[in-house]
Amino acid sequence: MTKEESKFNITPGTDHLTITHIDGLTPERPHPFRELGRIDTVSSFIIKRKDRFYDKSAPQALDNDVSVVVVDLEKGSIKLTIDPNDRYSNEITGQLVPNKELEDFKINTAKLYDRDELLKLIRFNAYRIKEPGKLITELRNLNLKASIESKNQKDLKGNVDRGLTKSIVSEIPDSFILTIPVFQSMPEKTFRVEIAMDYTDASVKFWLESTELHELMHVHRLEIIETEIDLITANGLLVLYK
């Protein structure tokens, strides 16, 4: 620490002197910019910021020899770190998120619908379903018919075997065509959804399945991420995979 000399003019006769020393403000680094957005956030940032800053030390400047992009296929995320060696570095993350509207259908889950619940779901999403009219009509007209047939047959122990037979009187379609984005902010996809049903105690339960959606969730996911990676590598940045 260097010594600093200060000179003061003291008026003769002064019997009390107060000296106040005030330190200057401690220099602070800029607050790091950490943002999470949709999957194309990183590529958009790179395209807008690439070669814009001649001073590579600027907080948002990209340097191909320093900046790193990390891809997590399992999480469906792409993260850009401007300078991995700087804890104050800006970080931009793009995340591939399933479409909330599609999730509301609970396809390929354990969700069971009764007649009224499924009817409401179809009615409120009719604009996404091809020819929803027949499906809505048949759900409204659904009727359960149960009959007990006594076989009056005795086994070796003398027990009477009575069989309960139930049948559904309905022409509900076994599937429908749904057009909806699979992931947020992505183009719509069209796929078939199957309607499965089971009935007990004079009530019927439905659930929705789709092998086509199951495939789309994996194939379309990889296609989207690969498209983003192509845009990033075209701008010369290093891409690492988790």
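**The open sheet and its surroundings**

Modeller: Among contacts in the protein chain (heavy atoms within 4.5 Å) between residues at least 6 apart in sequence, 57% join residues at least 24 apart. The model is predicted: local features need pLDDT of at least 70 and side-chain atom pairs count only at pLDDT 80 or more, while totals for chains, interfaces and linings use all residues. Residues are numbered from 1 along each chain as its sequence is written, and side-chain values use heavy atoms, with hydrogens and water left out.

The protein chain has five helices and ten strands; these are DSSP runs numbered from the N terminus, with helices being H or I of at least four residues and strands being E of at least two. Five of the strands form the open sheet, in the order E1-E4-E3-E2-E10, with mixed pairing. Two strands count as paired if DSSP finds at least two bridges between them. At the edges are strand E1 (34-38) and strand E10 (238-241), each of which pairs on one side only. On average, neighbouring strands of this sheet are turned by 20° against each other, direction ignored. Axes here are lines fitted to C-alpha atoms, for helices over the stretch in contact, and angles run from 0 to 180 degrees between N-to-C directions.

Within the sheet, strand E3 (residues 77-81) and strand E4 (residues 91-95) run antiparallel and are joined by five bridges. Leu-80 stands opposite Ile-92 in E4. In general, strands of a sheet pair through backbone hydrogen bonds, either parallel or antiparallel.

Helix H1 (residues 41-49) lies across E1, strand E2 (68-72), E3 and E4, and runs at about 140° to E4.

For the protein chain as a whole, buried residues make up 32% of the 242 residues. Its accessible surface, from the Shrake-Rupley method with a 1.4 Å probe, comes to about 17000 Å², of which 50% belongs to carbon and sulfur atoms.

Notes. Buried means under 20% relative accessible area, exposed over 50%, partly exposed in between (1.4 Å probe, protein chains only).
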